[in-house]
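Please have the sequence and the structure open while I talk.

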Amino acid sequence: MRAGTVNRPAAPLVRNLEPQDIGPAAAVLVLAALNARRDPVIGVATGSSPSPLYDALSASGADFTRAAWFALDEYVGLPPGHPESYAEVLRREIIGPLGLDPKTVHLPDPHREDLQAACDDYERRIAAAGGIDLQILGIGRNGHLAFNEPGGALDSRTRVEVLTEDTRRANQRFFDSLDSVPTRCLTQGLGTILEAGQLLLIAQGEDKAPALRAALHGPVSPECPASVLQLHGRVTVLADAAAASLL
């Protein structure tokens, strides 16, 4: 390296796709990661954006039984079995459709008395699995990644997070009322996410356009947690025209 130069990670690869093509394109990347290792590890996200991916994986007919699956986050305060807990969402969208053994799908435990101990245990489980090969991600309207809200440390680990009003309002559509939306969660930290071998971000809708622009072209800053994508070096972004409109 010449004096005065700095090695920077490769810029995220952005693909602007028709909405119906996002799921199949994402599935190609996930299937490649599944075939690259004998015991692959996939990080899974919940929400509207990755749903087409899981539909495409289900339709692929592939064998998913060799993989371990780790969720990005989970709500705190919902009773076991609540239909909007991410444990139940994953059961409906991944475990059942992909024919998985539930024991291979991991979430941080929101029901333990010591929540930080649950977070620390989750970090150990990810490490024991050999680390995450490919992490699926969405992006929040305020730039949050997983449930890492603006202002947090860029090297954070799995921890308890307080959800912002904006995030709770965005998720209100899954609940009866805003008061029913939890105020806390357990989430993989930004540092945890950055340790994955590959990142796959799916973004859809005009309301995600400002956050996606800030994440990919703004400064790397705690004010936009998703800006850490610029630090990784192996990131693929699949976006529809509306989400990519400001890029």
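Let me start at Thr192, which lies in helix H6, residues 190-194, where helices (H or I, at least four residues) and strands (E, at least two) are DSSP runs numbered from the N terminus. What you see is a predicted model, in which local features need pLDDT of at least 70 and side-chain atom pairs count only at pLDDT 80 or more, while totals for chains, interfaces and linings use all residues. Residues are numbered from 1 along each chain as its sequence is written, and side-chain values use heavy atoms, with hydrogens and water left out.

Is Thr192 buried or exposed? With a relative accessibility of 6%, Thr192 counts as buried, given that buried means under 20% relative accessible area, exposed means over 50%, and partly exposed is what falls in between, for a 1.4 Å probe and protein chains only. If we leave aside neighbours within four places in sequence, Thr192 is in contact with Glu123, Ile126, Ser156, Arg157 and Thr158, contact being heavy atoms within 4.5 Å.

Ile193 is also found in helix H6, and Ile193 is buried, with a relative accessible area of 0%. Again leaving aside neighbours within four places in sequence, the contacts of Ile193 are Leu72, Leu137, Leu145, Ala146, Asn148, Gln188 and Leu199. The C-alpha atoms of Ile193 and Gln135 are separated by 7.3 Å, although the two residues are 58 residues apart along the chain.

One of the contacts of Ile193 is Ala146, and Ala146 deserves a look of its own. Ala146 sits in the loop between strand E6 (134-137) and strand E7 (159-162), and its phi is positive, at about 55°, although Ala146 is not a glycine. Ala146 is buried as well, at a relative accessible area of 8%.

How many aromatic pairs does the structure hold? There are six, where rings of Phe, Tyr and Trp (its six-membered ring) pair if their centres lie within 6.5 Å, and planes under 30 degrees apart count as stacked, over 60 as edge-to-face and the rest as tilted. Among them are the rings of Tyr75 and Phe147, whose centres are 5.7 Å apart and whose planes stand at 40°, so this pair is tilted.

Now to the helix packing. Two packed helices are described by the angle between their axes and the distance between the axes. Helix H2 (residues 51-60) and helix H3 (residues 86-98) pack at an angle of about 10°, with their axes 10 Å apart; the axes are lines fitted to C-alpha atoms, for helices over the stretch in contact, and angles run from 0 to 180 degrees between N-to-C directions. That angle makes H2 roughly parallel to H3, because angles under 35 degrees count as roughly parallel, over 145 as roughly antiparallel, 65 to 115 as roughly perpendicular and the rest as oblique. On the H2 side the contact is made by Ser51, Tyr54, Leu57 and Ser58, and on the H3 side by Glu93, Ile94, Pro97 and Leu98.

Staying with H2, Ala56 lies in that helix and is buried, with a relative accessible area of 17%. Beyond neighbours within four places in sequence, Ala56 is in contact with Gly23, Pro24 and Ala27. Between Ala56 and Phe70, which are 14 residues apart in sequence, the C-alpha to C-alpha distance is 19 Å.

Last, helix H1, where Leu31 has its place. Leu31 is partly exposed, with a relative accessible area of 23%, and, not counting residues up to four places away in sequence, Leu31 touches Leu57, Ser60, Ala62 and Phe64. Leu31 and Ser60 are 29 residues apart in sequence and 9.2 Å apart in space, C-alpha to C-alpha. Glu18, in the loop between strand E1 (13-16) and helix H1 (19-35), is partly exposed at 47% relative accessible area, and its C-alpha atom is separated by 20 Å from that of Ser60.
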